[in-house]
Amino acid sequence: MTEPSSKKIRVTVSRSDPGTERTFLVERIEPMMVLDLLIAIQREHDPSIGFRYSCRVAMCGTCTLRMDGRAILACQTPLEPDRDKVRLDPLAGLPVVRDLVVDMKPFFEEWARVKPYLEPVEGLDEPARIRPDSPERQIIDPSLDCITCGACYSSCGIADHKRDFLGPAALNRAMLLIADSRDAAGAERLDAVTASDGVDRCHYIYGCSAVCPKGLDPAAAIRRLRRWRLEGRPR
Amino acid sequence: MSTPTRHRGGEFRPGDRSDVPVRPSGGGRLFYYVTVRVTGLILAVLVLGHFAVTHITTDVAETGSDFIARRWGSALWLLWDWAMLTAAMLHGAAGVWIAIEDYTPDPEKRRRRQRLLVSASTLLFVLGLIVIVAAIF
Amino acid sequence: MTLAQALFVVALAGVLVAVVGFGFVMVSAAARSGGGSYLSTGLLRRLQRSPEERAEFNRWAFYAHRFTGFAVFAFLCLHIVDISLYTFAPGAFDEVHVLYGWTSMRIFECGLLFAILFHTFNGLRILAIDFADLGSRASRGLLTGAVVLTVLLGLGGSAVIMAPVFA
């Protein structure tokens, strides 16, 4: 059960309107998620603060923002008990709509570019199964749970709406579809991810894998794509 | 994104949707990837060796024109320095090309800077080549 | 100071200005859309506590790699020109070469050595990441190795370069 504590935390929030309040002294509860903090600011300090959230359980990917520069899901990131200040910013690399809200359209444009859905091969058995113990599944399963939250895109440092780079999420999705034996678009997908906006714009920063709230590993997916470029697709 | 919608008639592009702009695919990427790594590996040996010979085994104050004349009397060092020049200009220019791409969002400015990079690198490479060829005779 | 020497000093100053300028470009791009954790006192504590935060070392390695690469390339451009004096104006070459023995130049050469060493060893680390499919933790281990090698060989080399100053 959450208990009110007399401790306060100093919060600095990136605001679009220079006339609005940036710093707040917010009373802590224990435990306290970043989202709790934002809701407290909205209710008790400044109702005009702009931020997004929806499911509150790390399923929808809506509440992504940066805490001290690091991309997180606000709903599932606790504030450490001994933390007395925090800085919140919108995701990096995307146009800011207001305060902590960003326009995710550039992210989803890159997502769309790799055709992020299965295009079934002709003449498959119905249902088209891949055995759980197959090598394919070992590659696909760990990469499946992307909630398109954009944390990896923000953490990358190269992915940006002003640059032509597919970004870690799109590349991860492309990888698992290329690995899927039921998918017919593998060759074209591999071409798309090895083009000038694909794997070669990755600079081995590992920011993507470090921040993924679902524990996905886009960096490993990109390394795998580079190998497939040289060795050919798994088939 | 500012690139206009563009389809290359008939050619399948994954994710082709009329509202998502299609990017022209660049051919040179694999060339860049392989070149940077192969030249890098070569340079790891050649440059560290070059620095050792000109600064460590000999004091740098004694590497004047006599020192060079002696070194370039041997075919090994001429070959070494030619390989180092070629690899270094390729490797360095490729690296700076990518940095320009990352830091110049405007396509026109970017192309201009990259053209400048290629011109300057080529000129310097030719200059170095002339020096080495002249030393053969 | 002869004309050739003065021109060399001016050109070297130009190279340093270009390198510092490039550093500013990198820092401002990183501040704007770098995506990394902000440098702050809290960061040191967080680095100790969580392995995910320690992945940031890979990001700093990338910045250092790009910066040292640009610095060495900028110097290389000058170096090709000053070596070419050997072919076109050997007298001028020897005049310029006297400068290489000056204390301030020796210090510059030590800095160049550190840049070359880090860029080389970090470059080999990247090759290892490609060949051995290394994740964040393994790559950070290699980064430690690269930094240790850079510091050890750099200090050793600098000692040799600076020794004549104190002889």
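Predicted model: local features only at pLDDT ≥ 70, side-chain atom pairs only at ≥ 80, totals over all residues.
Good morning. T148 of chain A counts as buried, at 17% relative accessibility. I begin with this residue for its backbone: T148(A) has a positive phi of about 45° although it is not a glycine. T148(A) is placed in the loop between α3 and α4 (151-156) of chain A.

D68(A), which is not a glycine either, has a positive phi of about 50°. D68(A) lies in the loop between β3 and β4 of chain A, and at 10% relative accessibility D68(A) counts as buried.

The bond from E30(A) to P31(A) is cis, with omega near -5°. P31(A) sits in the loop between β2 and α1 (34-44) of chain A. The bond from E126(A) to P127(A) is likewise cis, with omega near -5°. P127(A) is found in the loop between α2 (105-113) and α3 (135-140) of chain A.

Let me now turn to the domains of chain A. The domain assignment gives domain 1, residues 3-102, and domain 2, residues 105-231. Taken over C-alpha atoms, the centres of the two domains are separated by 30 Å. How many residues of each domain are in contact with the other? There are 14 residues of domain 1 in contact with 16 residues of domain 2. Between them the two domains of chain A bury about 1100 Å², and 62% of that area is on carbon and sulfur atoms. Three residues supply 36% of the area that domain 1 of chain A buries against domain 2 of chain A, more than any other three: A71(A), G93(A) and L94(A).

What kinds of interaction join the two domains? The count of salt bridges between domain 1 and domain 2 of chain A is zero. Polar contacts are present, with five residue pairs between the two domains, both residues at pLDDT 80 or more. On the side of domain 1 that touches domain 2, β3 (64-67) and β4 (70-73) of chain A each supply at least two residues. The largest share, three residues, comes from β4(A). By class, this side of domain 1 has nine nonpolar, three polar and two charged residues.

Salt bridges do occur elsewhere, and the structure holds 32 of them over all chains. In general, side chains of opposite charge can pair when their charged atoms come close. One salt bridge joins R15(A) and D99(A), whose closest N and O atoms are 3.0 Å apart. The two partners are 84 residues apart in the chain, with R15(A) in the loop between β1 (3-13) and β2 (23-30) and D99(A) in the loop between β6 (96-98) and β7 (101-102). Are these residues buried or exposed? R15(A) is buried, with a relative accessible area of 11%, and D99(A) is buried at 2% relative accessibility.

Another salt bridge forms between E80(A) and R83(A), with the closest N and O atoms 2.8 Å apart. Here E80(A) counts as partly exposed, because its relative accessibility is 21%, whereas R83(A) counts as buried at 8%. These two residues also belong to a network of salt bridges that links D68(A), E80(A), R83(A), R46(C) and E53(C).

For chain B as a whole, the secondary structure comes to four helices and zero strands. Buried residues make up 47% of its 137 residues. Of the contacts in chain B with a separation of 6 or more, 51% are between residues 24 or more positions apart.

L134(C) is found in the loop between α6 (103-132) and α7 (136-166) of that chain. L134(C) is buried, with a relative accessible area of 17%. Thank you.

Terms used
Residues numbered from 1 in each chain as written. Chains lettered and ligands numbered in written order. Heavy atoms only, no water. Domains from an automatic or database assignment. Contact = heavy atoms within 4.5 Å. Buried area = accessible area lost by both parts, 1.4 Å probe. Salt bridge = Lys/Arg side-chain N within 4 Å of Asp/Glu carboxyl O. Polar contact = N/O pair within 3.5 Å; in protein donor to acceptor, adjacent residues only side chain to side chain. Nonpolar A, V, L, I, M, F, W, Y, C, P; charged D, E, K, R; others polar. Buried < 20%, exposed > 50% of the residue type's maximum accessible area, 1.4 Å probe, protein only.
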